[in-house]
Amino acid sequence: CKGIVDINTDGRIYLLDLYTGKTFRNLKKNPNISITAFDEHKFTGYCLKGKADIIERDGLDSDVIISWEKEITNRVTRRLIKNIRGEKGHHRHPEALLPKPKYMIVMNVEEIVDLKPGHLD
């Protein structure tokens, strides 16, 4: 479970990871990273490629943790409102059970690949 904390115009993306699992081990061995986002309705998307730095939990600013906790509160609130309205969704609030972030990934974007097929321009 990863969450974007910030995207800066200087080419950095900040992500929090809630678990110290496979991603953590992989990035320790090899800092190459990519993030892909695609809008299937518009048939457009991008793949961001770059290098990752890891900031362990004890090195995180308290503002980062506070910002993450506010985001979780907002997610629970949105889910609760949807549940009250009778909209489909999970009847529990799994966001409230997520652990605190274990570390932060700072991605230094080096390349942006446009995934939109050329014949659709």
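Author: **A look at the salt bridges**

E69 is partly exposed, its relative accessible area being 34%; here buried means under 20% relative accessible area, exposed over 50%, and partly exposed in between, with a 1.4 Å probe and protein chains only. Please keep in mind that this is a predicted model, where local features need pLDDT of at least 70, side-chain atom pairs count only at pLDDT 80 or more, and totals for chains, interfaces and linings use all residues. Residues are numbered from 1 along each chain as its sequence is written, and side-chain values use heavy atoms, leaving out hydrogens and water.

E69 pairs with K100 in a salt bridge, with 2.7 Å between the closest N and O atoms. The term means a side-chain nitrogen of Lys or Arg within 4 Å of a carboxyl oxygen of Asp or Glu. This pair links distant parts of the chain, 31 residues apart: E69 lies in helix α2, and K100 in the loop between α2 (62-85) and β5 (103-114). Helices (H or I, at least four residues) and strands (E, at least two) are DSSP runs, numbered from the N terminus. K100 is partly exposed too, at 46%.

In total, the structure holds four salt bridges. Another one joins K28 and E56, at 3.5 Å from N to O. Here K28 in helix α1 (residues 22-29) and E56 in strand β4 (residues 44-56) are 28 residues apart, so distant parts of the chain are linked. E56 is partly exposed, with 37% relative accessibility.

Finally, R78 forms a salt bridge with E71, their closest N and O atoms being 3.5 Å apart. R78 is partly exposed at 45%, and E71 is partly exposed at 27%. Together with R75, these residues E71 and R78 are linked in a network of salt bridges.
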